[in-house]
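Here is a briefing on one protein model and its ligand shell.

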Amino acid sequence: MPLLDVRDIDTFYGASHVLHSLSLRVEQSEIECILGRNGVGKTTLLRSIIGLTPPRLGRVVYKGEDITRMRVNKRARLGIGYVPQGREIFPDITVMDNLRLGLVARSDGMTRVPDEIFDFFPMLKPLVDRQGGLLSGGEQQQLAIARALCGNPELLLLDEPTEGIQPSIVQEIERILKRIHQEKKLTIILVEQKIDFAKNVSQEFTIMVKGRVAREADIHSLTDEVIREYLTI
Ligand SMILES: Nc1ncnc2c1ncn2[C@@H]1O[C@H](COP(=O)(O)OP(=O)(O)O)[C@@H](O)[C@H]1O
Ligand SMILES: [Mg+2]
């Protein structure tokens, strides 16, 4: 049984039909990347999975349970973590308070930020008392991932975590994600525009075109030809 089974979903914003009978299966402990040009519906797919924009048709099944109509916070407590595009950390509260907000998604009642967070993200440690908004883009991105991890997810949804981030920090995020994946056996769905980054961290890929799956395969099948056909502008 896959950890996540998205079956034939159709998702809309009002009258605008964005996802068309889209299916996606993600196995436990796998990193699956979702690729596609701007506007094809990658973010909408993640929003359909976490419940911010539930599909009108089809089903989202997590660990065998139909969660299509479940509330967002209940999905979070079931173990689905979400790092939205553009990070969305809270700029006016401290780094530590941002992390504490991530704890509400836990199902075990833990009320303090686990030490492992600072083990994975040591750069956050000296910044705990700083206001979130004063962090650099790269630091905010790491904070956003760390905050999601505070919820102790089994499935992590990451929407373009390298967008607008300098190359050295992209490498740092790559290293951290690989380590988290290895040590926590976390399942990750990664929406990404940077092909090299996606190739380095993922095992499987799905390419979307106009709200549909155009290609899905093992990451080694992501050849230059496929990239040229579906991904370059
Ligand atoms: N809140 C919204 N209301 C209406 N249309 C939206 C909204 N968000 C996204 N869209 C439209 O849905 C389509 C898919 O968007 P999105 O999922 O953000 O694509 P991607 O993440 O692949 O760039 C686009 O045509 C976009 O304009
Ligand atoms: Mg997007």
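The largest nonpolar core holds 57 residues, and those with the most contacts inside it are Ile34, Leu46, Ile49, Ala146, Leu157 and Leu190. Helix H5 (residues 137-150) gives this core its largest share, seven residues. The model is predicted: local features need pLDDT of at least 70, side-chain atom pairs count only at pLDDT 80 or more, and totals for chains, interfaces and linings use all residues. Residues are numbered from 1 along each chain as its sequence is written, while chains are lettered from A and ligands numbered from 1 in the order in which they are written.

**Core terms and contacts**
- A nonpolar core is a set of buried Ala, Val, Leu, Ile, Met, Phe, Trp, Tyr and Cys residues joined through C-beta atoms within 7 Å.
- Buried means 20 or more other C-beta atoms within 10 Å of a residue's own; exposed means 12 or fewer, partly exposed is in between, and C-beta atoms are placed from the backbone.
- Leaving aside neighbours within four places in sequence, Ala146 is in contact with Leu99, Ile117, Phe121 and Leu124. Contact means C-beta atoms, placed from the backbone, within 7 Å.

**Overall form**
- The protein has eight helices and ten strands. These are DSSP runs numbered from the N terminus: helices are H or I with at least four residues, strands E with at least two.
- Its C-alpha trace spans about 45 × 40 × 35 Å along the principal axes.
- Buried residues make up 40% of the 233 residues.
- Of contacts between residues at least 6 apart in sequence, 68% join residues at least 24 apart.

**Ligand 1**
- Around ligand 1 lie Tyr13, Ser16, Val18, Gly36, Asn38, Gly39, Val40, Gly41, Lys42, Thr43 and Thr44. The criterion is a C-beta atom, placed from the backbone, within 6 Å.
- Strand S2 (16-26) and helix H1 (42-50) each supply at least two shell residues. H1 gives the most, with three.

**Strand S6**
- Ile80 and Tyr82 point one way from S6 (residues 80-83), Gly81 and Val83 the other way, and all are buried.
- S6 pairs with strand S7 (residues 155-159) in the parallel sense over four bridges. Pairing requires at least two DSSP bridges.
- Tyr82 has Leu157 of S7 as its bridge partner.
- Gly81 counts as buried because it has 24 C-beta neighbours inside 10 Å.
- The C-alpha atoms of Gly81 and Gly102 are separated by 9.2 Å, at 21 residues apart along the chain.

Terms used: Two residues are in contact if their C-beta atoms, placed from the backbone, lie within 7 Å.
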